[in-house]
Every structure is written in structure tokens, then in C-alpha cells.
Amino acid sequence: MEQNIMAPMPGLVARVVVAVGDKVEQGQEVAVINCMKTEIPVTADRSGTVRSILVKEWDELQVGDAMVAIDAA
Amino acid sequence: MKKLLVANRGEIALRIFKAARELGIKTVAVYSDADNGAPHMRAADEAIHIGKSPPPLSYLHIAGIMKAVAESGADAVHPGYGFLSENAAFAGAVEDAGTIWVGPSPGVIRDIESKSFCRNLGNRLGVPVTPGSIGNVTSLIEIEKLFAEHGPPLLLKLDKGGGGKGIQPIHHAAEIARIFESSMGIGKAAFGSSDVYVEKRIETPKHIEIQCLGDHYGNYVALGERECSVQRRFQKVVEEAPSPAVTREERERLCAWSVRILKEMGYRNAGTVEFIRSAEGRYYFMEVNARIQVEHPVTEMVTGIDLVQQQLRIAMGEPLQLRQEDIVIHGHAIEARIYAEDPSTFLPSPGTIGTITFPTLSKDTRLDHAMESGLAVSPFYDPMLAKLIARGEDRRQAIDRLDQALKQFTIEGIKTTIPLGTAVMASEAFRRGIFHTEMLAELLATRSS
């Protein structure tokens, strides 16, 4: 089942640290948001395999915007 | 100077516009998408859109700002603080366009980006620097030798780092290789330089800095110190002038050292020479900040000198009218920075500002800000909302006045660090003047336990 990992805070995409095909564990950092110059980690809320990356560096984010799609394990 | 473009936003843009207006200079604002309609845009004589909201596409975008310089016909650029203020390439682009750069020369900015350059200069001029490597370290053997000589904890630091980034402590000889590798990697990725150096960690230090001005003819004045020890995560929260820890003799020595350093560099315009003071009262030269600083108002409040006007006069080529004997410190001034952050977790709090109740201001209180009700505090930029400054005949009076003003100040709609300011004013350690850079962490730990 495909699931999206969403932005927990508004801000900018500082970086995405996983790639398509990577296996991720629940709680693992998948991306970093820059909000007012503070870096906030975005973690996977479940384990699975990265299906696609939905954002790129410096994209603007609102709370709940999808960032990384994973196929849940 | 007829028309000044300010390559910045928020309160510092307003502060610079005010100084320019008082000198009869026209002003140009630049703004991003997120700042369309912002107070700084409306406060200038004209405003030019420079790009999208993310800083790399607007306030950090040199070509875009240079286009705005050309379009507006501005003959001078003030960079403010942060953003491109200490960017040698930007300073160079401004000067190459035949425009006045309000700041030190691009060559000097480039030199002092290197902490090792500063350490070497200190050594050469007889100004103490922290024990450690002379210049950068290039081999494991060098670090191991320094570890044996100075003992733990050592700090491995990035030569071109900033904001505390990449600083790693070394406690054991066995971890040197791993830390050396990882520091070089962080430096390369974040600052494009893998140069690192080593220094002895000074425990529970105070941060003391000397404000200076230098003109284009080799004249310098030092305007005394500021103490900025109340910090969290390398961000200053409360600053004051003078420092309760610095004696008159120490002040004279620090000022003389600072002028010696800037003169040797060929530094011009406003600059700050930063020192740390150990618990034993030893001072070590750390670096030079090549910009007007956030906390400059405390110096203005106790000296009566408008530092931004001085910057503009110096940039226009006027010789410094101030002499060292003209600099007199009157009373004591303290500044509280107010951030859009949760005051206990320090997590950012973007949102829309609701009702603001401003404190009553007098000749001894000052509020620098660019806030208004209904304004969006965007996630794109620095979380600092305002600076509240109070002066008193003595430190106690300054604390009481700042405390009173903070208690009258409310900002609805977002979380702010106003309560943190009042907590610092109420703390015994701060009131007694016995505190260091770990103070805030200790204060928060006792409050939450």
C-alpha cells in the first residue's frame, strides 16, 4: 500500500536523504525541512520502500504536504 | 551618496532606512514574494522585487540584487546583517559596478572568513588566541601532538565555518581520526572548504566583543564592549553594554588590541572584534565580524553614537570625526531579542501576527522591529521579530526597565520568546552578573525540573 510521508511543519525542503528504492525503517530520517533557519528532521511514520520523491530542494511546504511516497512493508 | 539600496529585510532594513533619511539619502528596498507588502518595502522611497521567497532565489541571489541596483540607479548598497553581509563576492560585485559598498573591502572580508588567518594575525600582533594549532591542521600526527600537549577537551573547528556548525570536541586520542575525517566532510559539504584547526576548549566562557569604526584613512575608534553570553544554540538572546565582568583596565586593553588587529588588516567601516573570556579572566581573540551586528543598539544607547550613520559617512569617504577620547560610556544598556519561537523548546513558530500590545517607550527604551498586526511571519527567514532595549544609569536600573517593558509587551497569534526575556531578567545569576554562555541551558534546566 502506498503511503506519503508528509511535512510536519511549514518551511523549505532543505534536503531529501533517501532515494527511490531505499528501504526505510519507521522513525528513520527521510528529509530535512528548514523552517526559519532551524533544521527539522522528517521521519518515516512506517517502514517500507521508497517509491518516489515528491519534492526537491528549496520547494515551499505547508503542513501536510506530501514529501516522499513509500510502499509500506 | 544619493540613493542607498538595502539588500536586506525586516527590522534592520528599517533601521538603515532611518539613518539614510536622516542624512538626506534616498532609499531603495528589495523584496521577495513572501515580503510583498512587508513593512520594509513600504518604508523605502522605492521597492524592487528580486525573486521568489526562498533566500537563494532572492536575498542571497547576487545577480538579482545587482539587477535591482542597476534598475534603481542606487549609488550605494548596505547589506545589513546575515544574508550577503559578509559575502566577498557580493561586495566585489557591488564595487565592480562602480557602486559604494557599505562595509569592509572584499579582500578583507575574504581574509577574515578564515579563522586560521585571524589566529595567525593575533599571534603575530601579540594578541592572545586560544591554545591550539597555528593555522590549519593537515595531518593526524599534528592533532595527536596537540592533544598530548594541551590535553582534552580539544575542539576541532572548521576554518570557514560559522554559527557553531561543525565544531566537534575531542575527549580521547582514539577518536581523533574519526572526528578529523568527519569534520573535513562537514566543512566540504557546508562551506566548500575542508580546512580545519584545533583549539583548547575554554570552559564556561563569556562572549565579549568590541565595537569599532575605521575610516578610509587609517583612523580607528573602539566604542567599548558588549557582552553576549546569554545564548542558546549559538544564537544570542540577551546582550548588554558594558559587560559586568570587564574592568576599566581590561576594557582599555581589549580596545587597544581590537584597533591593532583592524589596522593591520586594513579594515574599514564598522566591525566587531570578538573575544572569549575564560572563567579565570583571560581573554582570547576569536574573530572579526565584518558587518553591523544585531546587537549594535546597546552600544548606541550607552555612547550616544549612531553606528549606522557612521557607517554611511565612512562609506562616503568622510574622515572619522570621532576620536578615542570622545568615546564615553553613559550608564548601562541591555537588549532582549524576541524570536518567533516556543520559549521552552525553541522550535520555530511561523504564523500570522495577531494583536500587538507595544510597551510604553521613553528616551531610555527602544524597540527595533518590523512587525504589524496581520503580518505573516514566514518560515523562510530568520525567526527574530524584534529587539527591545533599555538603558539605565546603572545595570540594575537597565534590568528593571527592560523587565518592565517586556512585561508590557504582548504579541498574539504566534509563540514568542518574550517570557524567556523576563525569565533571564528575573534570574539571580543574571542579576548578579555572574553568568556565562551555558547560563541559559542551566536556567531552562532548573525551570523544567
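Helices and strands are taken here as DSSP runs, numbered from the N terminus, and the model to which they are assigned is a predicted one. Under this assignment, helix α9 of chain B covers residues 248–265, and its 18 residues reach 26 Å from the first C-alpha to the last, close to the 26 Å expected at 1.5 Å a residue. Just after α9(B), B:Gly266 adopts a positive phi of about 70°.

The buried residues of α9(B) are B:Leu254, B:Cys255, B:Trp257, B:Ser258, B:Val259, B:Ile261, B:Leu262 and B:Met265. In an α-helix there are 3.6 residues a turn, so residues three or four places apart point the same way. The buried residues of α9(B) pack against helices α5 (106–112) and α6 (115–125) of chain B, and also against strands β9 (206–214), β10 (220–232), β12 (269–277) and β13 (283–289) of that chain.

A helix pair in chain B is formed by α7 (residues 140–150) and α8 (residues 176–191), which pack at an angle of about 125° with their axes 10 Å apart; α7(B) is therefore oblique to α8(B). The crossing of α7(B) past α8(B) is right-handed. On the α7(B) side, B:Leu140, B:Ile143, B:Glu144 and B:Phe147 meet B:Ile176, B:Ala177 and B:Phe180 of α8(B), and the residues of this contact comprise 6 nonpolar, no polar and 1 charged.

B:Gln324 is placed in the loop between α11 (307–315) and β14 (332–339) of chain B. Because B:Gln324 has 14 C-beta neighbours inside 10 Å, this residue counts as partly exposed. The C-alpha atom of B:Gln324 is separated by 8.1 Å from that of B:Leu223, although the two residues are 101 residues apart along the chain.

Methods
Residues numbered from 1 in each chain as written. Chains lettered and ligands numbered in written order. Predicted model: local features only at pLDDT ≥ 70, side-chain atom pairs only at ≥ 80, totals over all residues. Helix = DSSP H or I, 4+ residues; strand = E, 2+ residues; numbered from the N terminus. Expected span 1.5 Å × (residues − 1). Buried ≥ 20, exposed ≤ 12 C-beta atoms within 10 Å, placed from the backbone. Contact = placed C-beta atoms within 7 Å. Axes fitted to C-alpha atoms, helices over the stretch in contact; angles between N-to-C directions. Parallel < 35°, antiparallel > 145°, perpendicular 65-115°, else oblique. Left-handed = near helix turned anticlockwise from the far one by under 90°. Nonpolar A, V, L, I, M, F, W, Y, C, P; charged D, E, K, R; others polar.
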